Amino acid sequence: MAHAQTLERSDYQESSFWKSEVDMDFLPPVAERLPDTPLIVDLAAKGRSFGVQGGTLNTMVSRSKDIRQMVVYGYARLVGYDDDYNLKPDLLLACENDGNRKFTMRLRPGHKWSDGSPFTAEDFRYWWEDVANNPLLNPAGPPDFLRVEGEVPTVTFPDETTVVYEWSKPNPNFMQSLAQARPPFIYRPSAYLKQFHADFTAPEALEEEVDYARVKSWAALHNKLDNMYKFDNHELPTLQPWMNASSGKKIRHQFVRNPFYHRIDSRGVQLPYIDTVEMEIVSGGLIAAKSNAGEADLQARGLGFRDIPILRKGENEGGNYRSVLWQSGAASQIAIYPNLNVNDPVWREVLRNVRVRRALSLAINRRAINKALYFKLGHPGAMAVLEKSPFFEDKMRSAWAAYDPELANHMLDAAGLSEKDAYGIRYLPDGRRMELIVETAGERQEVENALQIITDDWNDIGIKLILRPLDRDILRNRVFSGTTMASVWYGWDNGLPGPYTSPSYLAPTDQTFLAWPKWGQYHQTSGQVGEHPDDPAAKQLMHLMHDWNNATDDATRSQIWHDMLMIHAEQVYGIGLVSGAPQPVVINRNLRNVPDKAIWAWDPGAHFGVHRVDEFYFEGGQG
């Protein structure tokens, strides 16, 4: 990610976009805007070409709040993932890790926010002491990812370019958290925000600001303006490649290049190459049609596999774009989650029987689903990590995933469910027919299509599938409350874990893993709500996660990952169908440095973020 060569300040090239501002002394020249040690990007090592500055990139989102995607796509992080999903310093010059207990972060001297104010340890101190630990701004105190078994870190600021986070126990998840698609910002533009903080501003001046903003208190005002992820305050300085240039709610939001951005190419040209990004808010159903009409220079969000025919049609009929297929980063494109915490005591007992879960999985004809829905472009199999993860093993993807209805029938008989009605549907132990209601968010046609195929498959083993589409929020609340027998969602968001990735999503730590919502609630609320896990394998997952948190080396952490993944493969807590399903990506024909083959993943990866949109450019500087 960094380049071995150094550049003289005289090598830095001024951008035409900011030249008039520099000429009129509204902005310092580029040599004074960049940090003393900028991040020099090695494009050749990635097989990319040098770009030219200029142009406007058009993209679309379906909700006004999704302008935050600019923070996701921009992907300027303290540390971030490279192409191989290894963590590297980015905004930071370096980070020293002492046994996962002490992290010494070195800032780039001379680094500045987008308004030209210095980015120093004071911005970290301000967040930690005056925001995170201020009860008026943060009643709950510092965020959970900074707590290790309830303990918060000791945070010190030895000088203006050094920040130290230290715990008495290991916090191996700390660095990975900083690299997330939605990062926890442990720093703030303090020079700007102090204007709205009672400890730094005269009461009269603050009261005037509070009245003007029509909020109840200075704390409400501060929280409203301090939204680094939402990206909706155009006056809030940023470190991202582009800064918000639009105030208020609009249909088209404009983002312009950050004149103080910290990355340059090895010729001395400051990134991002593209001057302006325009993000249009459109109805989700129109994104494919508008892409087909050539209205997007870079688009994947809002496009699904079903849109490929219309996109290919536009491309072949002279559209100024090409459409490529990236691989999804989720562990499974579609996964069925039997709810082990369902309120119905009979169904709960049945679904907790591992032979039943294995039988449900064995009865599914995944090849037929892959052929019918994904033109054989996905990988049929159980829920497992993807090939690019170091933990991938084919035996995990094939575990209980072969199409074997005969074995499935035998297993259900052995589970004591051998009685059937005249139509071949099995009876539950209490005499009811085995009618398994599977609830979906009703948002993806491919889910409904897959369940139509599975309805026939499960009928062959004496189980009647009843499909119930619901609104996403209603579905989640029904699962969390134990009303739902089984639900459908994606597989694990992160199908690309490495040794540094927390395996917390493999253990019952969170209600959002739909197979064990009440066990997750129990952990999340320290036993206030939910149920204590009473499944031996689930308990073992919790022990392993605890061991991972306290492990001191990558070899131990990798072994724990393997053990946890094997438990999932054997226990079939989530029934995966197909992984690696293609994600269509529309790319302007003049846009360069965009990979033809890549992974589209929320975390790790931040969708386009890990592929470094700041390095994309238009041939000739115009779209």
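Strand E15 (residues 335-338) and strand E19 (residues 486-489) run antiparallel and are joined by 4 bridges, with tyrosine 337 having serine 487 as its bridge partner in E19. The model is a predicted one, in which local features need pLDDT of at least 70 and side-chain atom pairs count only at pLDDT 80 or more, whereas totals for chains, interfaces and linings use all residues. Residues are numbered from 1 along each chain as its sequence is written, and side-chain values use heavy atoms, with hydrogens and water left out. Helices (H or I, at least four residues) and strands (E, at least two) are DSSP runs numbered from the N terminus, and two strands pair if DSSP finds at least two bridges between them.

Both strands belong to an open sheet of 5 strands with mixed pairing, in the order E18-E17-E19-E15-E20. Strand E18 (464-469) and E20 are the edge strands, each of which pairs on one side only. Helix H16 (residues 445-459) lies across E15, strand E17 (435-440), E18 and E19, and runs at about 165 degrees to E18; such angles run from 0 to 180 degrees between N-to-C directions, the axes being lines fitted to C-alpha atoms, for helices over the stretch in contact, where contact means heavy atoms within 4.5 Å.

The structure holds 5 cavities of 30 Å³ or more, a volume being the space filled by probe spheres set on the points. The largest cavity, of about 80 Å³, is lined by 14 residues, and Ala382, Met383, His568, Val572 and Gly574 lie nearest its centre. Helix H20 (554-571) and strand E20 (575-576) are the elements that give two or more residues to the lining of the largest cavity.

The second largest cavity has a volume of about 60 Å³, and its lining divides into 8 nonpolar, 1 polar and no charged residues; Ala, Val, Leu, Ile, Met, Phe, Trp, Tyr, Cys and Pro count as nonpolar, Asp, Glu, Lys and Arg as charged, and the others, Gly among them, as polar.

The second largest pocket has a volume of about 370 Å³. Of the 14 residues that line this pocket, Ala213, Lys224, Leu225, Asn233 and Glu235 are the closest to its centre.

Note on methods
On a 1 Å grid over the protein atoms alone, a cavity is a set of points where a 1.4 Å probe fits but cannot get out, and a pocket is an open set with protein on both sides within 12 Å along at least five of seven lines; lining residues have an atom within 4 Å of a point.
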